[in-house]
Amino acid sequence: MPFASLGLDASILKAVADQGYTDPTPIQKATIPVILEGTDVIGIAQTGTGKTAAFTLPILTRLVRTRTNAHKAKVRCLILAPTRELVVQIAENVAAYSRYSGATVATCYGGVSERPQIAALRKGCDFLIATPGRLLDLGSQGHGDFSGVECLVLDEADRMLDMGFLPAINTIVRALPKERQTLMFSATLSREIETLTKQFQKSPKLIEVGRRSNPAETVTQLLYECPSSLKQVMLNQLLKDEENFKMVLVFARTKHGADRVCRKLEAEKIHCAAIHANRSQAQRQRALQAFKNGEIRVLVATDIASRGIDVDGITHVVNFDFPDQLEDYVHRIGRTGRAQAKGTAITFITRENQGDLRRLEKIIGKHLHCGKLKDFDYSQQAPARQPDDFVRERDPRAGAHNSERSGRPQGGRHGGFRAAQGKYRPFGRPGTRRTGGPK
Ligand code: AMP
């Protein structure tokens, strides 16, 4: 089925052709006609399945076909996403697909100056892509006219709930017109997502495509036995194969763990960077850009920081640490083998991980063979630990004190909005504009 038969606007088909897409992916085939009809959709799909285009292309078609002067200075489609990185990526995609249709795109996310975002809100836009925290901040100050929102998209809704954004989302959605199309995308259909659907959507159509829980055929999964004390040695050895390990995303369990892996790789002259919640937005963007440009071969990330990373061409994902949340395994390995390219996911299995492995097999419904890495000297002495290696780390299973693992938003005041402000200001209510106050 070619794109042309899906009912999309000609200007959009031209932009899609520019991207080099020949055929729609399964999620695109299933959702585009339904969204074009104006029906609400709950899409169960992972990143890497082409879901951004699946919702953007039909919304864009609808907006282009109904554009009038009355839309000036208003927001027409609001897309909420859990992380700044994801917001930036969605915005890049939307801008590319809008190339010939002249749709306008603006973003709102934390960690950068509010001023240009406020200016963009004042101008209005066809697409506003935002993280809930920053949008709540700006909307509560009276910025942005949301009375014309025709379509709301909640992307990676499960992640937004995990990260504690529900109160912010509730406040934002209450300020939107009731008559609108609402699209929700999530990797899983949990009870919380079902509740959200009932609250925000009208007779949504459930579309579940290409569940990565039967992980993509494009990803080869290799599991190696590895004593905890030799993980770094094994990683170093693997990465010596520069010809094959061209672009490698390594997952560590904690921020300190990610930094430590990175330090050890640098000591081996392997160029790398770490991204996690302790890194500023600018540092994360720089690291991501350097990875995309090939200036560094290895990016070490924690689960939360990695969400939404849309980098094509990752040859290997290495699970240095087994994921705490088993579902993250599927998210992690989906970072390679994207959009039909082949990739390899390597997971180090320590003795402590054996039980997790059995549970993971149940989730993905597949036996995963765990063997020894060929040519690896399992009898070698573990290297002596350096003073830096003894940074105290909490096991997240023992309690949610490490903010990055706790699922709470970073540095935000989303949940405690009322308390933090003292006075509750309805989101986006005209006349509540605030010039000063806490930022
Ligand atoms: P997403 O799931 O939206 O993060 O998309 C994953 C990747 O697939 C992105 O790099 C897109 O550019 C790419 N992509 C989206 N749709 C298609 C398509 N129909 N054919 C080929 N690649 C696509």
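# Burial, packing and ligand contacts in a predicted model

Student: Why is threonine 131 called buried?

Tutor: Threonine 131 has a relative accessible area of 6%. Buried means under 20% relative accessible area, exposed over 50%, and partly exposed in between, with a 1.4 Å probe and protein chains only. The value of 6% is therefore in the buried class. The model is predicted, local features need pLDDT of at least 70, side-chain atom pairs count only at pLDDT 80 or more, and totals for chains, interfaces and linings use all residues. Residues are numbered from 1 along each chain as its sequence is written, and side-chain values use heavy atoms, with hydrogens and water left out.

Student: Where is threonine 131 found, and which residues does it touch?

Tutor: Threonine 131 is in the loop between β4 (125-130) and α6 (132-140); helices (H or I, at least four residues) and strands (E, at least two) are DSSP runs numbered from the N terminus. Leaving out residues up to four places away in sequence, threonine 131 touches Ala81, Pro82, Thr83, Arg84, Val87, Cys108, Tyr109 and Gly110. Contact means heavy atoms within 4.5 Å.

Student: What makes helix α10 (residues 231-239) largely enclosed?

Tutor: Eight of its nine residues are buried, so the rest of the structure largely encloses α10. Those buried residues are Lys231, Gln232, Val233, Met234, Leu235, Asn236, Leu238 and Leu239. They pack against elements including β8 (219-225), α11 (255-267) and β13 (343-349).

Student: Which residues of helix α8 (residues 166-174) are buried, and what covers them?

Tutor: Ala168, Ile169, Asn170, Thr171, Ile172 and Val173 are the buried ones. Their cover includes β2 (75-80), α6, β5 (151-154), α7 (157-162) and α9 (191-200).

Student: How do you know that the ligand lies between domain 1 (3-209) and domain 2 (219-398)?

Tutor: Both domains give residues to the shell around the ligand, so the ligand lies between them. The domain bounds come from an automatic or database domain assignment.
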